[in-house]
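Trainee: I have a structure open and want to learn how to read it. Where do I begin?

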Amino acid sequence: MPSSDPKTRSKPPALPPASDAPPIPPSSWAKKTGFKPKFSGETNASDSGQVQLPSRARENNSQADLEVGRVRPAPAAVNGEQQPVNGKGPAEKKRREVDGANKGSSASAANGHTVNNGAAPQPQQPTRRASRNEEVVDVLPQNVDDDGFVGRHSHMKYELRDTPGLVPIGLYGFQHYLSLLGSLILIPLVIVPAMGGTYEDTANVVSTVLFVSGVTTLLHSFLGSRLPLIQGSSFVFLAPALAIINSPEFRGLNGNNFKHIMKELQGAIIIASAFQALLGYSGLMSLFLRLINPVVVAPTVAAVGLSFYSYGFPLVGNCLEIGIVQILMVIIFSLYLRKISVLGHRIFLIYAVPLSLVITWGVAFLLTEAGAYSYKGCDTNIPVSNIISEHCRKHVSRMKHCRVDTSHAFKSSPWFRFPYPLQWGTPVFHWKMAIVMCVVSIIASVDSVGSYHASSLLVSSRPPTPGVVSRGIGLEGLSSILAGLWGIGTGSTTLTENVHTIAVTKMGSRRAVELGACVLIVLSLVGKVGGFIASIPEVIVAALLCFMWAMLAALGLSNLRYSEAGSSRNIIIVGLSLFFSLSIPAYFQQYGISPNSNMSVPSYFQPYIVTSHGPFRTKYEGVNYIMNTLLSLNMVIAFIVAVILDNTVPGSRQERGVYVWSESEAAKREPAVVKDYELPFRVGRIFRWVKWVGL
């Protein structure tokens with residue numbers, strides 16, 4: 001029994017070098033031991049690799065490189081003790097040298113004890129090349145199979161291709177959509193009143209949103225990226241939609257303002273969606289992917305959420321006792337009660353939005369019925385301009401925003417209504433609005449790329465190939481064309497919040513998402529569902545949006561975990577992108593506004609009326625409209641600053657966190673990857689000649 005005293009313990013004999021192996025030069029040794037020079041806390045790393053075929057079995061106790069899909073070796077054991085794997089321990093150094101010299105032979109024994117935690121030597125297999133030399137940030141643990149593949153995530157209740165049964169899939173699918181309730185239904189509650197629509201118009205648009213979301217989600221699940229991602233009305237399109245709604249040519253319209261403005265939005269969305277479909281299916285997206293990295297995605301998506309600060313709490317302040325309760329409830333559920341489980345489900349975390357909505361709505365209903373917002377001789381149905389009594393003028397705003405019975409959408413909605421294309425009329429096409437939406441469709445594509453990468457790490461053994469990403473973006477373009485034809489006011493794209501929902505609910509089955517989409521289509525045909533949603537008080541909507549937009553900003557910044565978030569390079573780029581995304585639009589939004597101008601527009605819509613007074617004042621009115629509108633959008637500025645700096649400032653691939661996509665040829669030879677991403681019903685055979693939109 002060897003002595004445990006480190007001073008008296010005999011040192012293990014040196015391992016004999018391979019007879020036919022050439023000496024390893026110092027630079028190669030440094031790479032094999034994982035040595036990386038560090039200066040000022042930053043790491044210089046080599047290029048990023050691709051997914052390769054397995055060829056050598058690794059140690060049984062190993063860690064998985066989640067992003068690349070390779071196994072990272074665990075510490076080796078010598079004399080029964082674990083050794084470090086940072087390239088400094090002697091056992092690790094010898095193990096790596098033996099690996100380089102003997103090409104996959106079993107580790108030699110030292111002092112009578114077998115390396116690899118005492119396990120028997122593994123049979124020799126062909127060498128598997130390391131995918132890349134730099135250290136990768138692991139996101140979630142994985143299993144490792146016998147061939148060295150990174151297995152599926154044991155923490156997921158249902159994985160990508162699991163179909164355990166109709167009942168559990170149905171329940172989890174309903175849970176999935178219910179947790180995304182805020183993202184699905186809140187946008188129509190903002191834009192329809194801004195267009196001058198009635199409560200009935202809001203109910204109809206909500207039903208249309210549910211229908212389009214169900215249809216486009218099914219299309220994306222079958223013909224798009226095939227990841228369990230819900231398609232819906234995106235917040236990315238909200239700011240440009242509000243800018244178009246508040247354009248000067250739409251002020252003072254006679255007749256139905258809602259239908260007129262909706263047709264303008266439809267035309268712009270259809271053209272922009274066709275551009276996005278062309279970007280994906282032409283293969284240009286594969287080239288564009290080289291510019292999109294976590295350092296670009298993070299500030300761009302975060303700016304989408306931060307840009308609506310002027311709408312959130314100012315509207316909540318119209319009825320503080322209701323709005324504050326809503327904000328506090330959703331915070332308590334999602335943070336303080338998030339670890340409480342009921343029957344194995346963290347219901348407060350998963351259903352934070354719907355639970356808080358029901359409770360706050362109930363409180364508002366009780367206060368309304370108790371007469372807290374009833375004032376003698378005052379009627380909320382009378383227009384403000386026709387109210388003579390000073391007493392009623394004083395309380396009309398409180399009555400309008402605090403009472404829950406001011407909306408008649410539920411009573412007036414029919415039980416059955418089928419949303420149909422062109423239901424608002426023939427779309428109107430204007431090139432200046434279409435160009436604005438085309439730029440926004442690029443931002444939506446950037447948002448979706450980040451969602452594809454993050455969700456694939458959660459539910460799949462490999463990231464998608466660039467062809468699958470291009471196919472998904474192209475399908476999102478076609479989905480947005482459908483959204484434009486049906487008229488939901490925005491485009492349809494992947495909901496960023498979906499990634500958080502997958503991580504929280506641990507539901508990664510695409511069958512659950514597909515079944516939930518079918519349920520969504522059925523609900524959209526029930527007119528009372530849209531009427532019920534449209535009757536949510538405006539203050540509660542604004543309070544929920546405060547949470548949703550804050551969540552969106554945080555989800556955007558979470559993309560930095562794929563890069564070196566502590567790098568001074570990345571800190572400066574993200575900081576500049578976020579600051580200028582708020583500061584430059586603030587300059588455009590206040591430029592030339594006189595104290596008495598645009599008083600008819602609510603204060604929270606003031607940032608979106610810059611087209612008539614921005615600093616761009618050339619003789620071409622269309623150019624003025626495009627430049628003033630685009631440069632007043634926070635997400636556009638964030639994207640421009642981030643993409644320029646990230647692709648021009650020197651930095652290693654590891655430091656930048658370059659997204660690693662599966663290599664097409666290697667992915668085709670892996671059955672698991674083919675089953676994950678291949679088009680169903682042998683549709684992929686038709687597109688085999690289109691290599692840039694497939695595996």
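Mentor: Begin with the surface. Accessible area comes from the Shrake-Rupley method, with a 1.4 Å probe. This is a predicted model. The accessible surface of its chain comes to about 30000 Å². Carbon and sulfur atoms hold 63% of that area.

Trainee: What share of the residues counts as buried?

Mentor: Buried means under 20% relative accessible area. Here the chain has 695 residues, and 54% of them count as buried.

Trainee: How many helices and strands does the chain have?

Mentor: There are 27 helices and eight strands. Look at contacts in the chain between residues at least 6 apart in sequence: 81% of them join residues at least 24 apart.

Trainee: Which residues have the most contacts inside the largest nonpolar core?

Mentor: A nonpolar core links buried residues such as Leu and Ile through side-chain atoms within 4.5 Å. The largest one has 133 residues, and Met-195, Leu-238, Tyr-311 and Ile-536 have the most contacts inside it. Helix α16, residues 431-459, gives the largest share, 14 residues. A second, separate core has eight residues, among them Ala-298 and Val-574.

Trainee: What does Ile-536 touch, beyond residues up to four places away in sequence?

Mentor: Ile-536 touches Ile-185, Leu-189, Leu-357, Trp-361 and Val-541.

Key. Residues are numbered from 1 along each chain as its sequence is written. This is a predicted model: local features need pLDDT of at least 70, side-chain atom pairs count only at pLDDT 80 or more; totals for chains, interfaces and linings use all residues. Side-chain values use heavy atoms; hydrogens and water are left out. Buried means under 20% relative accessible area, exposed over 50%, partly exposed in between (1.4 Å probe, protein chains only). Helices (H or I, at least four residues) and strands (E, at least two) are DSSP runs, numbered from the N terminus. Contact means heavy atoms within 4.5 Å.
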